Amino acid sequence: MSTATPSTAAQAAEILTDVRSPGGRRSGRKLGRKAMRSHYPTWFFIPALVLYAVFFAIPSLSSFYFSLTRWSLFDAQFIGFANYVQFFQDPQLYTSFIHTLVYAVLTSGAKVIIGFFLALLLTSAVVGRGYLRAVVFFPVLLSTIGVGILWKALLDPFHGLVNGVLGFFGLPQPGWFTDPNLALYTIAGVDIWKGVGIATLIFMAGIVAIPGEFFEAARMDGASGWRILREITIPLSRGATATVVILSLIGGLRSFDIIWATTGGGPGFTSDVLASVIYKQYQAGFYGLSTAGNVVLFLVVTIIMVPLSYFLNRKQVEL
């Protein structure tokens, strides 16, 4: 039963008549544009903006200032670029920078390749697909420090399970984390084991999003599995590929926790990266110096990732 009064109904009819008339359509468009210009939706951004400013923008800007000081918890003395000069005079800086690049390229490249082929497997009609998906993703849920401690125990050169199995079959038993030639690559392997689940998940989402009609049409035309992979799956998964490359490369350039949990940058300095060198400076009480190192690391990541991100996204648009 309607509750509208005659006057209300008359007003509604008058409004409809105005809107339907040529002049009314123009006024309706004006009302629509005015509503779009309303500041009401802007208020919903304020909580996120406050959190972003408090927990990211302000600390980031403060770190740029404190990198120019010799500071402690109680005072700060402005010294200009002396921290940066001292940081770049560190004899371990060059080797740690090379280690950082090698580690980042190795881990990100392996995650892209392994994650893509695991995603192909786990989106096909393989037996036990749900169980295999859980197994692949499970390491992502573990604490990074816990993963480091776990693999440090498994790869112990004297009492570890891995070397015990190798010794049982008469195979060499390397010092995975104690050999200077193996330490960095062993840590990279642990990082790949832990992080490949995220890459696989992203690739699975990209592959599932490809319309099935493309595959059906290719099969009807007699295309082989390799041709379908090369001309349909890989090109149409480029967005997922770009995401995995960017995320894994940023993670590799900033990696610290798993390195510190396994070797602490050793043996010697053979597995030190920029982040571990910065942390050691902080441990030694050189707070301004370590802050300058963090700024340098931020700039390194930005200089590498901004052009790469632009290149990958441009290729995706051109496709």
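1. Let's start with K194, which is buried (under 20% relative accessible area, with exposed over 50% and partly exposed in between, using a 1.4 Å probe and protein chains only). K194 has no salt bridge, a term for a side-chain nitrogen of Lys or Arg within 4 Å of a carboxyl oxygen of Asp or Glu. The nearest side chain of opposite charge, D191, is 7.6 Å away; here Lys and Arg count as positive and Asp and Glu as negative, while His and the chain ends are not counted.

2. Please keep in mind that this is a predicted model, where local features need pLDDT of at least 70, side-chain atom pairs count only at pLDDT 80 or more, and totals for chains, interfaces and linings use all residues. Residues are numbered from 1 along each chain as its sequence is written, and side-chain values use heavy atoms, leaving out hydrogens and water.

3. What surrounds K194? Leaving aside residues up to four places away in sequence, K194 touches P139, V140, L142, S143, T144 and V147 (contact means heavy atoms within 4.5 Å). A polar atom of the K194 side chain lies 3.5 Å from the backbone oxygen of P139.

4. Now look at N163, which counts as buried because its relative accessibility is 1%. Its side chain has a polar atom 3.3 Å from the backbone oxygen of P157. Residues touched by N163, not counting those up to four places away in sequence, include L154, D156 and Q173.

5. Finally, find I98, which counts as partly exposed because its relative accessibility is 34%. The C-alpha atoms of I98 and D272 are 9.6 Å apart, although 174 residues separate them along the chain.

Methods
A polar contact is a pair of N or O atoms within 3.5 Å; within protein, one must be able to donate a hydrogen and the other to accept it, and residues adjacent in sequence count only if both atoms are side-chain atoms.
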